[in-house]
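Please look over the sequence and the structure shown here before reading on. The briefing that comes after is meant to be read side by side with them, one topic at a time.

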Amino acid sequence: MIKWFRKKKKKVDSKSNKANRGLLIFAHPTTVIAVEELLRDEGYEIRVVSPPPSYRTGCDLSVEIPLESEAAIVELLHSVGLSPMDVVPITSEGMEPLQFVRVKDFGRYLMVRAANMKMTVDKETKEIVNISGGGCPDVPFLATSMLGKRLSDAPDPGEVGFSLCAYSLNTAREEIIRLIGD
Amino acid sequence: MLLLAGSVPVDKMNLQIGPIDFSPEGIEVDGSKLPINRGNEAMMTAACQVCELLGLERPIGLIAGDIGKRAGSEAIYHYLMENLPSMDVDVMTLHYVMPDLKLNKKVLESIKKMVRRPILIADAGSMYVAKAGGDASFYDVFTPDIGELAFLADEKADHPAFTRGAIFHMEDDVTELIRRAYSTGNAPSTLFVKGRVDYICHNGEIVEAIEEPAIETMEPVGGTGDLITGMISGLIYAGRDPVDACIIAGRANRRAGQLSNPTPATQIAEIIKFIPEALSEVLETSG
């Protein structure tokens, strides 16, 4: 059985005038996961988007912030060791990473796909039994690190991964935990 | 020469190049032993199995350790940039690497300097960077799954994670996604779309759809797509044209899955061992 889900949308100030918004640039897409969580917890209205063309390598994410909060945000990030590589003005609309997931029920097993990444777990034991898809080099590494572990014990792909594939794998993992717990 | 290039999940492992040895436990390149895993190890094993079965020279492996920190991938890009013009490569498969638009374009420039341009196959990160750079038509074969096909069909996406929701939702209309990928110039001449039905396409047309045997439990198994890419590489090296190679590889992959009787928890090593038997059967019936 295949079902479509739309992940719960977080509060986003998407209609802000882009002249009042800036972009935080980071070395790795997965750093953005920690930054996103921290800044949302602090109440900032942010968006996770693709960086401007001059910063693109083919596997990157950046964080759109209100420019009036730039100094406070940069200081906060610096204090927790998450300093951005750069802060730049917005020159074009960035694309947001896909938040849709697809769920397939195999009876004892549940598979969730986010973008190009699939994670499959044993619903009874909560053990991660397979990771499939993806194309960035940390995917086989993440698979080796996570397979055979319970969801609650496996390393967080947002912490040990580096790529957009790891970001998508984290999206799949969060959806599985939302559906069956960890 | 069949050159197979890509990163392996070992932190700080230096670049290695040499003929690939393989066994049921894993592969070995220039003294570096690597256990069977999804990704390059699975792809390289399947290519080696084809070459052994058909009596061909062993493929050459070009590997470097990379767990996402980029250094290993950059070593591979630089090796290719500097050495390809003097190498005699018939078929080259580029697989797991960290996408880097600038370095990949430099690799393509090096390929243009080769006396004889090899047949180019790309999957995984190498396919992502080729498409994101607008260079898909420079290649001969891509092997996307359904999610990656949606990425190819979205002319604005730099990576599958940026595929727009409206296109992600078109996945039940594979034909339309294939049409979009070709019409936007984001597909090479031959496309193998891996899914519940495997579609083999050439110059925008679906030339074969493989549905049987249907092994639904193969979908969660990490590495099954890598086996297809490896088999296609070996078969093209053996002289098959890309479309024939895709058809044979698609059928053999399904047959190997059937022989392994997988569950969603099956690991790729359990399927790899059936590739020679499955491939022999398919080659016997396809001529």
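What follows is a briefing on the sheets, the helices, the domains, the core and the contact between the chains.

This is a predicted model. Chain A holds an open sheet of four strands, while chain B holds an open sheet of 11 strands. The two chains touch each other through 39 residues from chain A and 42 residues from chain B.

**The sheet of chain A**

- The four strands follow the order β3-β4-β2-β5 in chain A, and their pairing is antiparallel.
- At the edges of this sheet stand β3 (47–49) and β5 (86–89) of chain A, each of which has a single partner strand, so one side of each is left without a neighbour in the sheet.
- Going from one strand to the next, the twist averages 35°.
- β3(A) and β4 (62–66) of chain A run antiparallel and are joined by three bridges, and within this pair R47(A) has E64(A) in β4(A) as its bridge partner.
- Strands of a sheet pair through backbone hydrogen bonds, and this can happen in a parallel or an antiparallel way.

**Helix α1 of chain A**

- Helix α1 (31–41) of chain A packs on the sheet and touches β2 (21–25), β3 and β4 of chain A, with a direction that makes about 25° with that of β4(A).
- The buried residues of this helix are T31(A), V32(A), I33(A), V35(A) and L39(A).
- Those buried residues of α1(A) pack against β2, β3 and β4 of chain A, and also against the helices α2 (70–79), α4 (157–160) and α5 (164–180) of chain A.
- Just after α1(A) comes G43(A), which takes a positive phi of about 90°.

**The two domains of chain A**

- The domain assignment divides chain A into domain 1, covering 9–89, and domain 2, covering 100–180.
- Taken over C-alpha atoms, the centres of domain 1 and domain 2 of chain A are separated by 25 Å.
- Seven residues of domain 1 of chain A are in contact with nine residues of domain 2 of chain A, and by class the side belonging to domain 1 has five nonpolar, two polar and no charged residues.

**The sheet of chain B**

- The 11 strands of chain B are ordered β4-β3-β2-β5-β1-β6-β7-β8-β9-β10-β11, and the pairing is mixed.
- β4 and β11 (205–210) of chain B stand at the edges with a single partner strand each, so one side of each is left without a neighbour in the sheet.
- β3 (26–29) and β4 (32–35) of chain B pair in the antiparallel sense over four bridges, with E28(B) having K33(B) in β4(B) as its bridge partner.
- The hairpin of β3(B) and β4(B) has two residues between the strands, and in it D30(B) takes a positive phi near 50°.

**Strand β9 of chain B**

- β9(B) pairs with β8(B) in the parallel sense over two bridges, and here V141(B) stands opposite T190(B).
- Four bridges join β9 (190–193) to β10 (198–202) of chain B in an antiparallel run, where T190(B) stands opposite H202(B), and the hairpin that these two strands form has four residues between them.
- In a regular strand the side chains alternate between the two faces of the sheet.

**The largest nonpolar core**

- The largest nonpolar core has 145 residues, of which L149(B), I178(B), M231(B) and I232(B) touch the most other members.
- The largest share of this core, eight residues, comes from helix α1 (40–53) of chain B.
- Domain 1 (9–89) and domain 2 (100–180) of chain A both give residues to the core, so it lies between them.
- Leaving out residues up to four places away in sequence, I178(B) touches L149(B), L191(B), V193(B), Y199(B), C201(B) and I206(B).

- On the side of chain B that touches chain A, α2 (71–83), α4 (124–132), α5 (146–153) and α6 (165–168) of chain B each supply at least two residues, and the largest share, six residues, comes from α4(B).
- By class, that side of chain B has 21 nonpolar, 13 polar and eight charged residues.

Definitions and conventions. Residues are numbered from 1 along each chain as its sequence is written. Chains are lettered from A and ligands numbered from 1 in the order in which they are written. This is a predicted model: local features need pLDDT of at least 70, side-chain atom pairs count only at pLDDT 80 or more; totals for chains, interfaces and linings use all residues. Ala, Val, Leu, Ile, Met, Phe, Trp, Tyr, Cys and Pro count as nonpolar, Asp, Glu, Lys and Arg as charged, and the others, Gly among them, as polar. Two strands pair if DSSP finds at least two bridges between them. Axes are lines fitted to C-alpha atoms, for helices over the stretch in contact, and angles run from 0 to 180 degrees between N-to-C directions. Domain bounds come from an automatic or database domain assignment. A residue is buried if 20 or more other C-beta atoms lie within 10 Å of its own, exposed if 12 or fewer, and partly exposed in between; C-beta atoms are placed from the backbone. A nonpolar core is a set of buried Ala, Val, Leu, Ile, Met, Phe, Trp, Tyr and Cys residues joined through C-beta atoms within 7 Å.
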